[in-house]
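Reader: I would like to learn how to read a structure like this one. Could you take me through it feature by feature?
Author: Gladly; here it is.

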Amino acid sequence: MTPDSGHPLQETRTNLIGLSREALTAVLVEAGEKPFRAKQVFHWIYHRGAKDFAQMSDLSKDLRARLETRFVLDRPGIAREQTSSDRTRKWLMQFDDGQKAETVFIPEDDRGAVCISSQVGCTLTCRFCHTGTQRLVRNLTPAEIVGQFMVARDSYGEWPTPTDERRMLSNIVMMGMGEPLYNFENVAIALKIIMDGEGIAVGKRRITLSTSGVVPEIRRCGAELGVNLAVSLHAPDDDTRSMIMPINKKYPLKELMQACRDYPGASNARRITFEYVMLKGINDTAAHARALIRLVKDIPCKFNLIPFNPWPGTPYECSDAETVEAFAQHLWDAGYSAPVRTPRGRDILAACGQLKTDSERLSAKEQRLRAEQEAAAAQKTWAEKEAAL
Ligand code: SAH
Ligand code: SF4
């Protein structure tokens with residue numbers, strides 16, 4: 001693009017953020033630098049949070065100038081930042097091509113989790129999820145995934161990387177927009193950078209990846225990353241689950257449960273989390289709870305009951321408080337931890353399943369129709385089942 005076209009000059013320099021250690025070494029060597037420079041630069045980017053080469057004070061002036069001509073340190077831009085009355089903070093990140101995705105920080109007293117997006121939109125169409133009403137626009141790159149966490153750290157001034165005990169941004173949940181296991185390669189590069197002890201240094205025990213159940217990649221995730229696994233279960237039987245989560249038709253519960261059983265490191269000390277969104281009249285009866293307990297019988301797991309967060313145009317409702325209580329009690333009685341997640345950041349639409357941007361929506365009518373049909377069918381299936389029990 002020329003300056004005359006009215007657009008800014010297109011950046012042709014390589015972004016160093018989001019390159020694995022090996023790739024970073026390779027591009028620096030290719031630019032004529034010594035391999036050990038990669039270690040210094042990595043430290044500046046991910047431990048010190050440097051935003052430009054000028055800050056890298058232990059590199060010679062010449063070297064800094066050379067780096068500047070060939071490389072950039074490009075974080076996502078912030079299109080909007082909002083902080084909820086409960087201190088939850090949400091950023092609408094904007095990437096170089098103008099696409100956007102959301103990142104949320106959920107603070108506890110002296111720590112908290114950053115909820116990171118993996119895609120713009122989602123190819124899956126879970127009926128209760130706002131992101132699912134949006135078509136997939138694209139996968140996020142490793143730079144855009146790591147960059148979300150770096151922007152969050154900028155916002156809280158957490159550079160250089162503080163010790164574990166002194167971090168507000170202590171945990172990461174891959175629970176933002178998109179299905180992380182449908183973007184596994186990029187998510188894996190990004191998480192390996194994030195876990196590197198010489199940089200951002202968030203350990204694998206403090207990272208949880210949530211999936212709707214992409215069975216083959218669950219195995220890879222366990223073998224290559226070893227982070228905590230959360231599975232969006234949401235129903236105890238294939239009929240109901242396929243109704244509200246079409247991915248279940250591809251990877252039904254039997255296969256999904258086997259992948260959970262096989263997940264490396266799954267033990268009582270490190271249990272798999274089953275997320276379960278409470279949908280009124282769809283998945284919330286005592287019969288569902290009993291079926292759920294049978295389903296997960298031999299898996300070291302805990303539940304996370306999520307009150308359904310409504311969004312404009314959804315046909316679903318959240319189960320009543322008493323129903324959620326009773327459901328949780330069934331699970332407790334069977335020996336499972338089953339906390340009900342308190343919705344956070346509702347006033348800024350930052351709660352689970354509410355993340356989305358304005359791009360490429362299905363029409364409101366399309367969504368409503370589809371969801372109503374599915375809900376009616378799910379109810380019918382359960383009415384039939386309960387009658388047969
Ligand atoms: N795609 C991944 C991660 C993102 S969604 C997954 O599906 O697991 C994070 C969690 O929010 C998932 O458990 C998802 O099922 C849940 N969720 C989606 N929409 C929701 C809503 N409207 N209310 C409550 N939880 C919702
Ligand atoms: Fe995608 Fe997860 Fe939403 Fe399903 S719940 S549509 S997998 S983001």
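Reader: Which side chain has an N or O atom 3.2 Å from an oxygen atom of ligand 1?
Author: That side chain belongs to glutamate 275. The term to learn is a polar contact: a pair of N or O atoms within 3.5 Å; within protein, one must be able to donate a hydrogen and the other to accept it, and residues adjacent in sequence count only if both atoms are side-chain atoms. The backbone takes part too: an N or O atom of the phenylalanine 128 backbone is 2.9 Å from a nitrogen atom of ligand 1, and a backbone N or O atom of asparagine 309 also lies 2.9 Å from a nitrogen atom of ligand 1. The protein covers 96% of the 530 Å² of accessible area that ligand 1 has on its own; such areas come from the Shrake-Rupley method with a 1.4 Å probe, and for residues only the protein chains shown count as cover.

Reader: Before we go on, what should I know about the model and its numbering?
Author: This is a predicted model, in which local features need pLDDT of at least 70 and side-chain atom pairs count only at pLDDT 80 or more, while totals for chains, interfaces and linings use all residues. Residues are numbered from 1 along each chain as its sequence is written, chains are lettered from A and ligands numbered from 1 in the order in which they are written, and side-chain values use heavy atoms, with hydrogens and water left out.

Reader: How many residues surround ligand 1?
Author: A residue is near a molecule or strand if one of its heavy atoms lies within 4 Å of it. There are 20 around ligand 1, and the closest are Phe128, Gly178, Ser210, Ser232 and His234. By class, this shell has nine nonpolar, nine polar and two charged residues. Here Ala, Val, Leu, Ile, Met, Phe, Trp, Tyr, Cys and Pro count as nonpolar, Asp, Glu, Lys and Arg as charged, and the others, Gly among them, as polar. Strand 10 (207-211), strand 12 (272-278) and strand 13 (301-307) each supply at least two residues of the shell. Helices (H or I, at least four residues) and strands (E, at least two) are DSSP runs, numbered from the N terminus.

Reader: Which residues are around ligand 2?
Author: They are Cys122, Leu124, Cys126, Cys129, Gly132, Gly178 and Ser212. Sorted by class, four are nonpolar, three are polar and none is charged.

Reader: Is strand 10 mostly covered or mostly open?
Author: Mostly covered: five of its five residues are buried, where buried means under 20% relative accessible area, exposed over 50%, and partly exposed in between (1.4 Å probe, protein chains only). Ile207, Leu209 and Thr211 point one way from strand 10, Thr208 and Ser210 the other way, and all are buried. Two strands pair if DSSP finds at least two bridges between them. Strand 9 (171-174) and strand 10 run parallel, joined by three bridges, and methionine 174 has leucine 209 as its bridge partner.

Reader: How many salt bridges are there?
Author: Side chains of opposite charge can pair when their charged atoms come close. The rule asks for a side-chain nitrogen of Lys or Arg within 4 Å of a carboxyl oxygen of Asp or Glu, and the count comes to 23. In one of them, arginine 75 meets aspartate 154, with the closest N and O atoms 2.7 Å apart. Arginine 75 lies in the loop between strand 2 (71-72) and strand 3 (77-83) and aspartate 154 in helix 4 (residues 142-156), so the pair ties together parts that are 79 residues apart in sequence. Arginine 75 is buried at 12% relative accessibility, whereas aspartate 154 is partly exposed at 23%.

Reader: What about arginine 220 and glutamate 224?
Author: They form a salt bridge too, the closest N and O atoms being 3.1 Å apart. Both sit in helix 6 (residues 215-225), four residues apart, and are separated by about one helical turn. There is also a network of salt bridges that links Arg21, Lys39, Asp196 and Glu198.
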